[in-house]
Every structure is written in structure tokens, then in C-alpha cells.
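Let's take a friendly walk through a protein model together. Have a look at the sequence and the structure first, and then read on.

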Amino acid sequence: RRSALGLHRNAAGNRAGEPGWRHACHVLLYAPLPAGSPPPGYAVLMQLRFDGRFGFPGGLVEPGEESLEAGLHRELLEELGPAAAELRLGPGHHCGARAWPAAGGGSGSDVGLVTHFYIRRLPLEQLVAIERGGPRSPEHGLEVGRVVSGGQQAPGEL
Ligand SMILES: O=c1[nH]cnc2c1ncn2[C@H]1C[C@H](O)[C@@H](COP(=O)(O)OP(=O)(O)O)O1
């Protein structure tokens, strides 16, 4: 079954193996700050990428991965480290996708990209644990320069 985004699901719900398209999944992880914190009252986890830009953790799903969420989970372990193992991201956290067709029409290795975005609310302690674990991730100092959320500056954490 093919959707308007070029995604399809087989009987097992696999949406990662569509020929002609690659998929990238990124996630916004956020946590409410203690009452009385200045607006917006949330800490949001972001990372300084190797290319000098800030972005959300995640990346390209590899062909053959079981699902979009399996690819996202692998990327999070690589970029955030072991503290990301507790994140249980499923289709219910998927909040949107956008298809970017291949510039040359999708022949050969010229494929389109579908970017998927997930959102997950966490307790502040878990977000801070992920932020603090950043230097232990396999990609620290490589694809990822730093992981920051602002949660470590929350009242009570100083
Ligand atoms: O934060 C993002 N939100 C939405 N789309 C994004 C974000 N960061 C990257 N992207 C798009 C643009 C990139 O070409 C692809 C792949 O992402 P990337 O993180 O560079 O993938 P790898 O780590 O190289 O697998 O997604």
C-alpha cells in the first residue's frame, strides 16, 4: 500500500524499504521545567552537528531496517549514547513527514528523501541524563559536537 508520501507498508508494517526513496527520522525530545521557570518553561534537546549547525538527533534509516523507528533508535544510540536506550519511540510519536523528490526524477542512485519528525515528552531527569551522557556516545566528537538541552540549568540543578 503506497501513501501520498511514497511510503508503503507491507504486512509487517515495514516502511523503511521503499525503493526510490530514502527516509530520515529526527526527534524533538523535551521536558517541562520546574514551576516558576521562565517561559517557555521547557527544556529541548538539540545537538551541535559536525557541520556547525544545530539540529535534532536522528538521521538516515538504512535500507533493510525493520522500521522507521528501528532506524531512529539506532541513530539515537549512536548520537546520544546508552541513555537513549530507554527511549521507546513508536509510530504514536510520529508527528509529520515531508517528501523531497529526487532532483533528477529518481532513476538509479538518484533517490528522493522523506524526512520524518517525532516528538517525545520526557521527565526532566531523563532529559538531563541523556544530555549528560552525550560525551559517551559513539558519535561524540565526530558527527555530533555537543548535546544540549538547557535542562541542567533548571532551578535545583545549579
Ligand atoms: O533536525 C532535522 N529536522 C528535519 N530534517 C533534518 C534534520 N536534520 C537533518 N535533516 C534532514 C536533512 C539531511 O539530509 C537528512 C539526513 O539527516 P542527518 O542527520 O544528516 O543524517 P545522518 O546522521 O548522516 O544519517 O535529514
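Ser137 is buried, as its relative accessible area is 5% (buried means under 20%, with a 1.4 Å probe and protein chains only). This is a predicted model, in which local features need pLDDT of at least 70, side-chain atom pairs count only at pLDDT 80 or more, and totals for chains, interfaces and linings use all residues. Residues are numbered from 1 along each chain as its sequence is written, and side-chain values use heavy atoms, leaving out hydrogens and water.

Where does Ser137 lie? Its place is the loop between helix 2 (124-133) and strand 7 (144-148); helices (H or I, at least four residues) and strands (E, at least two) are DSSP runs, numbered from the N terminus. The side chain of Ser137 reaches the backbone oxygen of Glu79 at 3.2 Å.

Now to the ligand. Among the residues around the ligand are Arg49, Glu79 and Thr115 (each has a heavy atom within 4 Å of it). Strand 4 gives the largest share of this shell, three residues.

| Residue | Polar atom in | Distance |
|---|---|---|
| Leu60 | backbone | 2.9 Å |
| Glu75 | side chain | 3.3 Å |

Taken alone, the ligand exposes 540 Å², and the protein buries 65% of that (areas by the Shrake-Rupley method with a 1.4 Å probe).

Finally, a backbone detail: the peptide bond from Pro39 to Pro40 is cis, with omega near 10°.

Conventions: Buried < 20%, exposed > 50% of the residue type's maximum accessible area, 1.4 Å probe, protein only. Polar contact = N/O pair within 3.5 Å; in protein donor to acceptor, adjacent residues only side chain to side chain.
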